[in-house]
Number of protein chains: 2
Amino acid sequence: MAGGKDGKGRPAGWRNPFSTLEWRRGTGGYVAMIDQTLLPATQKVIRVDTLEKMRESIRALRVRGAPAIGVAAAYGMVLGLRPHAGKGARGFLAAMERVADRLAGARPTAVNLFWAVDRMKGKGKDLLAKGLQPRDVLARLLEEARAIHAEDSSQCAAIGKHGARLLRSGSCVLTHCNAGALATGGMGTALAVIYAAAAAGKKVSVFADETRPLLQGARLTSWELQKSGIDVTVICDNAAASVFGEGKIDCVVVGADRIARNGDTANKIGTYGVAQLARVHRVPFYVAAPGSTFDPLARGGADIPIENRSPDEVRQGLGKMTTPRGMKVHNPAFDVTPARLVTAFITDKGIIRPPFRKNIQLVLGW
Amino acid sequence: MAGGKDGKGRPAGWRNPFSTLEWRRGTGGYVAMIDQTLLPATQKVIRVDTLEKMRESIRALRVRGAPAIGVAAAYGMVLGLRPHAGKGARGFLAAMERVADRLAGARPTAVNLFWAVDRMKGKGKDLLAKGLQPRDVLARLLEEARAIHAEDSSQCAAIGKHGARLLRSGSCVLTHCNAGALATGGMGTALAVIYAAAAAGKKVSVFADETRPLLQGARLTSWELQKSGIDVTVICDNAAASVFGEGKIDCVVVGADRIARNGDTANKIGTYGVAQLARVHRVPFYVAAPGSTFDPLARGGADIPIENRSPDEVRQGLGKMTTPRGMKVHNPAFDVTPARLVTAFITDKGIIRPPFRKNIQLVLGW
């Protein structure tokens, strides 16, 4: 993780025991990232040094989680523009549009991807307009990507700080999918709340939904919580309802892939079901996300495109055939939790409570 | 399937394309059963010819589903008593107790297991009391087991007939786990309703929850529905909530492992969550089960013991490591759906609607 050694912006007591992704060396360098598809069996760092490798890494979920995808895409802009640094301003500008489109087309739901690509593109255009040469623009774009990464890390820490106040010592938190250090350029969003509470001396335990089809809870959340010494129990998604029914859950904290102006929240498939269970069992349901996950252009959930992924993720879970050959499968990667089921948003700018339409604008300063 | 060739008691138009389990030959024979742990990749019929093999087959879920476990246990009594047929009445009686205990200890939740073992034991005692020799008692116990099997088959058909009336043509049904021909000695419980509706010319489509951890929906329900030409789509358990939210589900039909006097229903883990989602989305939630699944000794859900199974079912799903080594896992095999979430029970004796405490007794003739 960039800046991982100085602990800048992180609560005392928490230090990331691994690096999710980081840029190594100057403009001639590359992104080193953990290939998350191989966890937990294998902790392998791969070298991503071209646009197409970055696009493939995002599509194949070697890097995933809305904030981490944003950081990866920012670095991806640098990788994609590097071969064009010898061109003139016009050629570089045209390449910037193509590279941006290529990255933006990698996955449709997480808004951080588009946000990061747009920010990089805007910066590049500004610098070209000021008369900088493409080679110098490229160097400044690497600085910008590093800045996005560092800001994400600080925002994670701020989310942790604000969210930790919502947890009592002894709290048991249910989380879905992975919204941790592996999903961000920092200490996570949902899991930042847990890390910060633990760092503040509170005793927190976690139930992690395994999160089919790709098992980010079983493979990733459990892995990183265990590495940080947090008490974690994995359950099948099916077991969440009974755990709620037994009164074991004090609150739910999840991340988000995109949040609309009204508070409707797209997140990993199954989140909507967890939100309904939380409501029925009168358990607070918190969504933790940085400002970059809120989409001012989406009025409500209906404006958020939902990615449908390959049926083979379900048909051949883990490489073995788990349905009859050619079985029809419906495999949406996300669902939308309506704002009325959200107790509060935990953001880097503070806690946002209802009425969301008003308070999101107010807190985020739109 | 016993009696599968004459179609006795089954609605016209449905014929089981496979045999879940059947007794072959006389008292010296054996149970031939599909090893359901190998489906859908391999359709292998195994030979179960000893008590210990039957106990292992039940424990390892080679045969599963409450009614099928009942039938298997009845045959298991014959297998277990066969080595004792040369003993005197007293020795045979003692063996009967031991064999019954051994089978009853195989799994704790499905009440059909205890019901079938008790019925076999009762029959054996009666015959011994009438002065029959153990060898003749054994022959009569095989007849009794065959009768239990045939009754189960007829009850499935009756469940189908009653339940089919609840489905309009064009209905889309969500089901969880497998409560089909593979789970019974006949055409199923929940799936009997679908088979019977289809046989009556209604167009019915099905969403099958894959049902982690052991994927009975993905592996078994999809397999048998596909074989019978029913339109089926597999979804991850996590996708059920969004499918409800999109208004795609007209009703839920599930089976049961044990139903208490008040209507509280133990069924595969995740059923309680589905029931809550059905309630929130105003979709009818039906439980299909024969009379033998109702437990007159359980006053409510709290009286039903819930089996916790090995963490490795979750940690090593499908043979591959899906959590870090030694990860803590909570893996209950069942949950309890409170009676207030059940719209009606579909039984072989007819549809039971609330108030359940009164109407279960009335309809089942307790």
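Which strands of chain B does helix α2 (residues 66-81) lie across, and at about what angle does it run to β1(B)?

**Entry on helix α2.** I am working from a predicted model, and I began with this helix. I found that α2 of chain B, residues 66-81, lies across β1, β2 and β3 of chain B, and that α2 runs at about 20° to β1(B).

**Entry on the sheet.** I next looked up how these strands are arranged, and I noted that the 3 strands of chain B form an open sheet in the order β1-β2-β3, with antiparallel pairing. The edge strands of chain B are β1 (21-24) and β3 (45-48), each of which pairs on one side only. From one strand to the next, the twist averages 25°.

**Entry on one strand pair.** I then followed β2 of chain B, residues 30-34, which pairs with β3(B) in the antiparallel sense over 4 bridges. For Val31(B), I wrote down Val48(B) in β3(B) as the bridge partner.

**Entry on helix α1.** I turned to α1 of chain B, residues 51-59, and saw that this helix lies across β2 and β3 of chain B, while running at about 135° to β3(B).

**Entry on the two chains.** Last, I compared the copies: chain A is superposed on chain B by a rotation of 180° with 0.0 Å of shift along its axis, at an RMSD of 0.0 Å. The two copies are therefore related as by a two-fold rotation axis. I also asked through which surface the copies meet.

Technical notes: Residues numbered from 1 in each chain as written. Chains lettered and ligands numbered in written order. Predicted model: local features only at pLDDT ≥ 70, side-chain atom pairs only at ≥ 80, totals over all residues. Heavy atoms only, no water. Least-squares fit on C-alpha atoms with pLDDT ≥ 70 in both. Contact = heavy atoms within 4.5 Å. Pairing = 2+ DSSP bridges. Helix = DSSP H or I, 4+ residues; strand = E, 2+ residues; numbered from the N terminus. Axes fitted to C-alpha atoms, helices over the stretch in contact; angles between N-to-C directions.
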